[in-house]
Amino acid sequence: MTSPAPQDLVVTQATLADWPVISGWAAAEGWNPGLSDGPAFFAQDPEGFFLGRIDGEPVSAVSVVNHGPDYAFLGCYLVRPDLRGHGHGLTTWKTALAHAGNRTVGLDGVVAQQDNYRRSGFEFAHRTVRFTGVASGGGPAAGVRPAGPADLPAVTAYDALCTPADRPRFLAEWLTGPGHRAFVRHDGDRLTGYGVIRPGHDTLRIGPLFADTADDARALFAALTAGAAGLEVAVDVPEPNTAALALVHEAGFSPSFETARMYTGPVRAHAQERVFGVTTLELG
């Protein structure tokens, strides 16, 4: 897929080898991407990442990652600061969005772009607030243990209850990525939640944190932060989940950044009350 644009911009699909450019721009914007997100992102949809180039030099980026036949997620909408205002971002956006076909598209939009997204057909669903704080550490939480390869089927099934689409390829990489630590909680044989913490450019990042109840989420949160005592940790919390807000306030975390979850149409019903922390603002 290729699209010419003003000033000889050419938009093509990006590869995993291009990810350091995209994540570097995201880090410069203060979005704090994970240090090893790329392999999991590309595992979900290797054709869902796009770069705009002028004379071979990257100047713009967008991802439109297909999660299934009915749902896609848009992220990584970036233009090099010295080349903004020339239409490069919009051209890259239009080329990439075609990859979604007729799917409903979701995104987590920064405040400055939300009006533009509305004009492009995205409707507000809820705010997501990033909370940041210093992990206090602590002992192991009851019923929580590190996730292992045998947990992947149960985690994948649980994840599907909490998201608008299944994402097994993503999870297979996300649970085991370099520096990623994943935990599960059980009540007997039943999985009642899972969470992942990973290193980011600026802080450690929790995501997802999915759980049946506030107690399950609290236990997982304790396990995720137990090995990070004294380190700064961030988690993106959907504002409608008041129990999740209470959890991060109890931990002494403070709001540091916000986005809006927006969709172009209906999405599959999912247990939003179990989402105590969003997986990633780039892929939902």
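Modeller: A contact here means heavy atoms within 4.5 Å. By that criterion, and not counting residues up to four places away in sequence, Trp 19 touches Asp 37, Gly 38, Phe 41, Phe 42, Phe 49 and Cys 76. The model is predicted, so local features need pLDDT of at least 70 and side-chain atom pairs count only at pLDDT 80 or more, while totals for chains, interfaces and linings use all residues. Residues are numbered from 1 along each chain as its sequence is written, and side-chain values use heavy atoms, with hydrogens and water left out.

Trp 19 belongs to the largest nonpolar core, which has 32 residues; such a core is a set of buried Ala, Val, Leu, Ile, Met, Phe, Trp, Tyr and Cys residues joined through side-chain atoms within 4.5 Å. Buried means under 20% relative accessible area, exposed over 50%, and partly exposed in between, with a 1.4 Å probe and protein chains only. Alongside Trp 19, the residues with the most contacts inside this core are Ile 22, Phe 41, Phe 49, Leu 78, Phe 170 and Tyr 194. Helix α1, residues 19-28, gives the most to the core, with 4 residues. A second, separate core has 27 residues, among them Val 129, Ala 228, Val 233 and Leu 247.

Helix α3, residues 88-97, is also mostly covered, with 7 of its 10 residues buried. These are His 88, Gly 89, Thr 91, Thr 92, Trp 93, Thr 95 and Ala 96.

Thr 163 sits in the loop between α5 (152-162) and α6 (168-174). Its relative accessibility is 7%, so Thr 163 counts as buried. Apart from neighbours within four places in sequence, Thr 163 is in contact with Phe 210, Arg 268 and His 270. Phe 124, 39 residues away in sequence, lies 17 Å from Thr 163, C-alpha to C-alpha.

For the protein as a whole, buried residues make up 55% of the 284 residues. Of the contacts between residues at least 6 apart in sequence, 73% join residues at least 24 apart. The secondary structure comes to 8 helices and 14 strands, taken as DSSP runs numbered from the N terminus (helices H or I, at least four residues; strands E, at least two). The C-alpha atoms fill a box of roughly 60 × 35 × 35 Å along the principal axes.
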